[in-house]
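Please open the model in a viewer and keep the selection panel at hand. The stops below may be followed in order.

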Amino acid sequence: MVVLRSESELRLMKEAGKISGEALALAGSMVKPGVSTGEIDDAVRKFIISRGAKPNFLGYAGYPASCCISINNEIIHGIPSKKRIIKEGDIVSIDVGAIKNGYNGDNAATFPAGKISPEAEKLLSVTKECLRRGIEAAKSGNRLGDIGFAVQSYAEENGFSVVRKYVGHGIGEDMHESPDVPNYGKAGTGLRLMPGMMIAIEPMINAGSYEVNDNHADGWLVTTADGSLSAHFEHTVAITKSGNVVLTQI
Ligand code: MF3
Ligand code: CO
């Protein structure tokens, strides 16, 4: 079931989105060679709690941390650790969210650690632009396939591929709600977008093939099957009568 939310729910979603966006900015500011992903997770958890919210990842389906930090060929769901030290040249994807007053925010971005390769630079800027185009397509009257088409066409024009197995999602009282929001698809197809819908748009773009390996020992990590680099950008977006509002933009 796809829920259409009221203006007052939109205000609550904005609060959760703002805290989620600030937590992501804090996490991104800590990405530097020599810093552990566990330190970033600690800072994120403390920040979210200091804002009177809760980290919505912590305990979600048993997930053991407050954010996901996925480096280089890791696509999503990297579990932070004090033993995992960021190196010069790494690309570091951080996904984080907060729940406040019963409503969820969810956002992600990929940050460079020091100087990164030209290929990595291009992957980051193309993936960020994929998200921008996906958001632009997410307006009332358009369809879900318009979002996927906008993301996929830009990624593939640039020689990259779109992860198929993991997708964006509706969001509200639960972090993951209907509908699925794929980052691939045909323009003009799928569910029609309507005022009151809240969705997380989150392109995961690989430098090589779109195939993933999600058969790792910790039961969470998802990497590229071919070892190529991957980037991830995500915003929580509200569809309104007059366009859309990016709730996690700070
Ligand atoms: N928030 C992530 C997403 O973008 C999912 C995190 S799963 C968790 O959909 F278990 F780590 F919380
Ligand atoms: Co998400």
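Begin with glutamate 9, which is buried at a relative accessible area of 17%; buried means under 20% relative accessible area, exposed over 50%, and partly exposed in between (1.4 Å probe, protein chains only). The model is predicted, so local features need pLDDT of at least 70 and side-chain atom pairs count only at pLDDT 80 or more, while totals for chains, interfaces and linings use all residues. Residues are numbered from 1 along each chain as its sequence is written, chains are lettered from A and ligands numbered from 1 in the order in which they are written, and side-chain values use heavy atoms, with hydrogens and water left out.

**Stop 1: glutamate 9**

Glutamate 9 belongs to helix H1, residues 7-29. Helices (H or I, at least four residues) and strands (E, at least two) are DSSP runs, numbered from the N terminus. Which side chain does the side chain of glutamate 9 contact? Display tyrosine 103: its side chain makes a polar contact with that of glutamate 9, at 2.9 Å. A polar contact is a pair of N or O atoms within 3.5 Å; within protein, one must be able to donate a hydrogen and the other to accept it, and residues adjacent in sequence count only if both atoms are side-chain atoms. Next, show the backbone nitrogen of serine 6, which lies 3.0 Å from a polar atom of the glutamate 9 side chain.

**Stop 2: ligand 1**

Select ligand 1 and the 13 residues that surround it; the closest are Phe57, Asp95, Asp106, His176 and Glu202. A residue counts as near a molecule if one of its heavy atoms lies within 4 Å of it. The shell around ligand 1 consists of 6 nonpolar, 3 polar and 4 charged residues. In this division Ala, Val, Leu, Ile, Met, Phe, Trp, Tyr, Cys and Pro count as nonpolar, Asp, Glu, Lys and Arg as charged, and the others, Gly among them, as polar.

- From a polar side-chain atom of glutamate 202 to an oxygen atom of ligand 1: 2.8 Å.
- From an N or O atom in the side chain of aspartate 106 to a nitrogen atom of ligand 1: 3.0 Å.
- From an N or O atom in the side chain of histidine 169 to an oxygen atom of ligand 1: 3.1 Å.

Taken alone, ligand 1 exposes 340 Å², of which the protein buries 96%; accessible areas come from the Shrake-Rupley method with a 1.4 Å probe, and for residues only the protein chains shown count as cover.

**Stop 3: backbone geometry**

Select serine 178 and proline 179, whose connecting peptide bond is cis, with omega near -5 degrees. Proline 179 lies in strand S10, residues 177-181.

Move to histidine 77, in the loop between strand S3 (74-76) and strand S4 (91-96). Histidine 77 is not a glycine, yet its phi is positive, at about 65 degrees.

**Stop 4**

Select asparagine 72, in the loop between strand S2 (67-71) and S3. Asparagine 72 is buried, with a relative accessible area of 18%. Threonine 223 is 151 residues from asparagine 72 in sequence, and 8.9 Å away in space, C-alpha to C-alpha.

Finish at lysine 241, in the loop between strand S16 (235-240) and strand S17 (243-246). Lysine 241 is exposed, with a relative accessible area of 75%.
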